[in-house]
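Notebook open, viewer open. I'm jotting down what I look up as I go.

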Protein chains: 2
Amino acid sequence: MATIDDVARTAGVSKSTVSNVFSQKRPISKEVTERVLAAARKLNYRPNYWARSLANRTTRIIGLNMPGERVKFSLFHLSLMNGVLNECSLHGYRLLVNSLPKSYLNELPHVSSEPVDGDILLDPVEKDTRIAERIRKNLPVVVIGRPPGDFESKVSYVDNDNVANGENATQYLLRLGHNRILFLNASRYKTVSIDRGLGYRRSLEAAGVPFDPQLLIHKDPDMTSSSFGYSISKEMLMKLPDITAIITDTDKMALGVYRAASEMGIAIPDDLSVIAFSDDSVFAPEFNPPLTGIKLFGEQLGREAAKLLIDQCAAKQHSVKRILISTEMVERGSCAAASQNKGKIQGGMKNE
Amino acid sequence: MATIDDVARTAGVSKSTVSNVFSQKRPISKEVTERVLAAARKLNYRPNYWARSLANRTTRIIGLNMPGERVKFSLFHLSLMNGVLNECSLHGYRLLVNSLPKSYLNELPHVSSEPVDGDILLDPVEKDTRIAERIRKNLPVVVIGRPPGDFESKVSYVDNDNVANGENATQYLLRLGHNRILFLNASRYKTVSIDRGLGYRRSLEAAGVPFDPQLLIHKDPDMTSSSFGYSISKEMLMKLPDITAIITDTDKMALGVYRAASEMGIAIPDDLSVIAFSDDSVFAPEFNPPLTGIKLFGEQLGREAAKLLIDQCAAKQHSVKRILISTEMVERGSCAAASQNKGKIQGGMKNE
DNA sequence: TCAGTTAATAAAACCGGTTTAATATAACCT
DNA sequence: AGGTTATATTAAACCGGTTTTATTAACTGA
């Protein structure tokens, strides 16, 4: 590969002139510009990205960071990422997906600064070390989801109001007359599951319905959403037949619930109402019955996060911002009023 | 941020010693190593990624490249990416998603080399300029999908045998007695759609069924898969009621077909067979009826592509390799034998 | 004892750009 | 004409690492 010196020599000018022709930071006469570009074309030259980044102290790359070792993007992550990418291409940023295990990053030869101008952190958990790390390294950060504990006031983040989401989903079912509501929540420690769980409890409390800890279950991180939804709902519907409604973390999980219900001869929505936190508007309407849910607008979350981060990288400003993206309840047909006689059936009068 | 010079000064050693403590390329005495690490810890030092990349001429980053301006990852891309990421984290590579529009990259101030060691190219199209560009820049490349024209023998790639896939899907339907088969193919110019289209025609030919160009339609890139599947299948089923089977490019597209059929009172699979090229094993089985398809194993495609590329980056070898991932026909219930009287119905005896 | 290794560290050059400070020319003003 | 200002270009320092080539000290062996 040709270097800037080669071009300078060929064009008969100095390095800095070549540099300025490309960066356009200082004016160079039309004449000289032409000569330099001709030389560059002839040598098939393009400025070295790393050398430039080193000198500029900026990479125009932002990072997307998932916690944990085994990274597996979900449908929701896909929405987020599309939003992020969209915003990136608008501002000339590239996106680096960082999925290297800590064990690797801590080996001496691999210790280094991050090759990004800033990071978007996904799926914050309660004891999330990622934020403190980045603050220490003085790296701009935006979190998608609520940052844990103190960090809520220390870093910018974009989130849905998940306490409200939990409340709304629960309230919606309560109004339909359900009072034994199973909540299949996201995995424990994620702040999103904490928030939604809180909303769930608050709604119950407000309605005077006692909270039953058995009915709030966190996803097993080692299972797929759909198989978790299937097996846990089957088990719980067996064990506690008075459950008349289920809130699920995702549409895939809801699908598992559908399958369990169908196998058990439980009709949705007649015998069981299902509501999901779901961003999908292609598959959800085609569920049988169509799946009611709370739409989270993942793409918008991603876009706003990227926007915040890019602002922060560019302006070197450090105002901590919080953006809440409003959600939308989409009623489709998987929820119905609690059947009056369901209680009686549980009472033992099955054949009446 | 502290630099290597700061650490050297603090530890009372030379830069090169500090460098070697971190890179471990030359042995440094235990004693000195301790002193250097202590200084580094004290100063919160970590080697600068870009300075290192510049000196090493390697970034340990590979790129994932989508064609076109408006990048939007699909479900299938998600599978690919998960596979790629998996392999990356195994070998200490990061993944850069490059979605910058050409218009941006061609502006003088943004012209530069790529910040990656190599690129994985997605969705190759017939006149794909990306490959030649990278060969000119001497950048390792692996394509997912068949590279167009001459490049097939010039760059490594990972693909399914899409001619065979097209043949198999078609043959499967032919054997069931269908001979008016609508193929809703991927968008024109993609090599994958060309290959599948070829397989489709070959199977027809082999069975002595005349090829009707009306029955081979390419997706409109500006529509979503599902709405394209819906509108085009509705239109075609109206216009050519003798169609008894449809092959779709994706499961989402199949969903559109399902919706159209249901609105038109056409029963699947009794009146219409549907088969899709689909990687999904969560939603597809839950279609009503469950969707028969050819599974492409996107994650494996991604993994193998990453493996090839990383090999190529590391070894500087230039042997061109081709890997074909075998696919699997999954029969689920959306296809049935062509009903005997369907032809008669078309003949006008609707009420018989 | 002394040349011949070997091992650990250091000095200086290098990777390929940007940027600051200096210089040379042209243009402008009174 | 002489001094000021603006404009285009350049030399040299710098970004923060790695690497080649010394240098020094300690260890062989005859």
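This is a predicted model: local features need pLDDT of at least 70, side-chain atom pairs count only at pLDDT 80 or more; totals for chains, interfaces and linings use all residues.

In what order do the six strands of the open sheet in chain A run? I traced them as 7-6-8-9-10-12, with mixed pairing.

I looked for the edges next. They are strand 7 (216-218) and strand 12 (328-330) of chain A, each of which pairs on one side only.

Then I zoomed in on the strand 12 end. Strand 10 (residues 292-295) of chain A pairs with strand 12 of chain A over three bridges, in the antiparallel sense. In that pairing I found A:Gly293 opposite A:Val330 of strand 12 of chain A.

Which strands does helix 10 (residues 225-239) of chain A touch? I get strand 6 (181-185), strand 7 and strand 8 (245-248) of chain A. The direction of helix 10 of chain A makes about 150° with that of strand 6 of chain A. I then turned to helix 11 (residues 251-264) of chain A, which lies across strand 6, strand 8 and strand 9 (273-277) of chain A. Against strand 9 of chain A, helix 11 of chain A runs at about 160°.

I noted the division of chain A: domain 1 covers 1-40, domain 2 covers 61-160 + 300-326, and domain 3 covers 162-296 + 330-340. How far apart are the C-alpha centres of domain 1 and domain 2 of chain A? I have 37 Å for that pair.

Of the atoms of DNA strand C that come within 4 Å of the protein, 70% belong to sugar and phosphate.

- On the base, an oxygen of DNA strand C sits 2.9 Å from a polar side-chain atom of A:Lys15.
- On the phosphate, I read 2.7 Å between an oxygen of DNA strand C and a side-chain N or O atom of B:Thr17.
- For B:Arg57, a side-chain N or O atom is 3.3 Å from a sugar or linking oxygen of DNA strand C.

Which elements give two or more residues to the surface near DNA strand C? They are helix 2 (15-23) and helix 4 (49-56) of chain A, along with helix 2 (15-23) and helix 4 (49-56) of chain B. Helix 4 of chain A gives the most, with five residues. By class I have twelve nonpolar, ten polar and six charged residues near DNA strand C.

I found 27 residues around DNA strand D, the closest being A:Thr17, A:Val32, B:Ile4, B:Lys15 and B:Ser19. Sugar and phosphate make up 71% of the atoms of DNA strand D within 4 Å of the protein.

Polar contacts I wrote down here:
- A polar side-chain atom of B:Ser19 is 2.3 Å from a phosphate oxygen of DNA strand D.
- For B:Tyr45, a polar side-chain atom lies 3.1 Å from a sugar or linking oxygen of DNA strand D.
- B:Asn48 uses a backbone N or O atom, 3.2 Å from a sugar or linking oxygen of DNA strand D.

Which helix gives the most to the surface near DNA strand D? I get helix 4 of chain B, with five residues. The class tally near DNA strand D is twelve nonpolar, nine polar and six charged residues.

Key. Residues are numbered from 1 along each chain as its sequence is written. Chains are lettered from A and ligands numbered from 1 in the order in which they are written. Side-chain values use heavy atoms; hydrogens and water are left out. Two strands pair if DSSP finds at least two bridges between them. Helices (H or I, at least four residues) and strands (E, at least two) are DSSP runs, numbered from the N terminus. Contact means heavy atoms within 4.5 Å. Axes are lines fitted to C-alpha atoms, for helices over the stretch in contact, and angles run from 0 to 180 degrees between N-to-C directions. Domain bounds come from an automatic or database domain assignment. A residue is near a molecule or strand if one of its heavy atoms lies within 4 Å of it. A polar contact is a pair of N or O atoms within 3.5 Å; within protein, one must be able to donate a hydrogen and the other to accept it, and residues adjacent in sequence count only if both atoms are side-chain atoms. Ala, Val, Leu, Ile, Met, Phe, Trp, Tyr, Cys and Pro count as nonpolar, Asp, Glu, Lys and Arg as charged, and the others, Gly among them, as polar.
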